[in-house]
Amino acid sequence: MAGHPKERVVTDEVHQNQILRELYLKELRTQKLYTQYHVNPLRKVHRIARKPVSWQDNLEEPADARFLKLIHHAAQGPRKKYPEAQTENQEIGWDSEMNHFRVYNDITLYKAKMWSLGEDDRHK
């Protein structure tokens, strides 16, 4: 089987070093060090979104008046937003500033006095 073309010949270390040296020199000749970088004008650039919580990124951005108005409107209570109640649940406390006097009957007066004394005293 000597002389078969697929057999590898064992090379010595000197020959192997010579091959590695030639590869290294070839890489050095073709290698180019870039120190100035720029964007390729022929390729489309994809912008990366800025961090929404970073205060440095948001300094130069002007405030959006429409957005701020919407946020302030949403933060208000329903009585400041609307002239009248919009839902059935809102009608319950809508007129909370009106003075509703308590009217006591004899049973409600008894219970009110009992609560003012404290229920712990009642059970003694």
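Ile 19, Leu 20 and Leu 23 together make a nonpolar surface patch of about 270 Å². A patch here takes residues with over 30% relative accessible area and no salt bridge, joining nonpolar side chains (Val, Leu, Ile, Met, Phe, Trp, Tyr) within 5 Å and like charges within 9 Å. A salt bridge is a side-chain nitrogen of Lys or Arg within 4 Å of a carboxyl oxygen of Asp or Glu. Areas come from the Shrake-Rupley method with a 1.4 Å probe, and for residues only the protein chains shown count as cover.

This is a predicted model, where local features need pLDDT of at least 70, side-chain atom pairs count only at pLDDT 80 or more, and totals for chains, interfaces and linings use all residues. Residues are numbered from 1 along each chain as its sequence is written, and side-chain values use heavy atoms, with hydrogens and water left out.

Leu 23 sits in helix H1, residues 13-30. Helices are DSSP runs of H or I, at least four residues, and strands are runs of E, at least two, numbered from the N terminus. Leu 23 counts as partly exposed because its relative accessibility is 49%; buried means under 20%, exposed over 50%, and partly exposed lies in between.

Now the whole chain. There are six helices and zero strands. Of its 124 residues, 3% count as buried. Mean pLDDT is 77, with 73% of residues at 70 or more; pLDDT is the predictor's confidence in each residue, from 0 to 100. Where pLDDT is low, the predicted coordinates should not be read in detail.

How many of the 12 residues of H5 are buried? The number is one, so H5 lies largely in the open. After H5 comes Gly 118, with a positive phi near 105°.

Last, Ala 85, in the loop between helix H3 (78-81) and helix H4 (88-93). Beyond its neighbours within four places in sequence, Ala 85 contacts Gln 90, Glu 91 and Trp 94, contact meaning heavy atoms within 4.5 Å.

Technical notes
Buried < 20%, exposed > 50% of the residue type's maximum accessible area, 1.4 Å probe, protein only.
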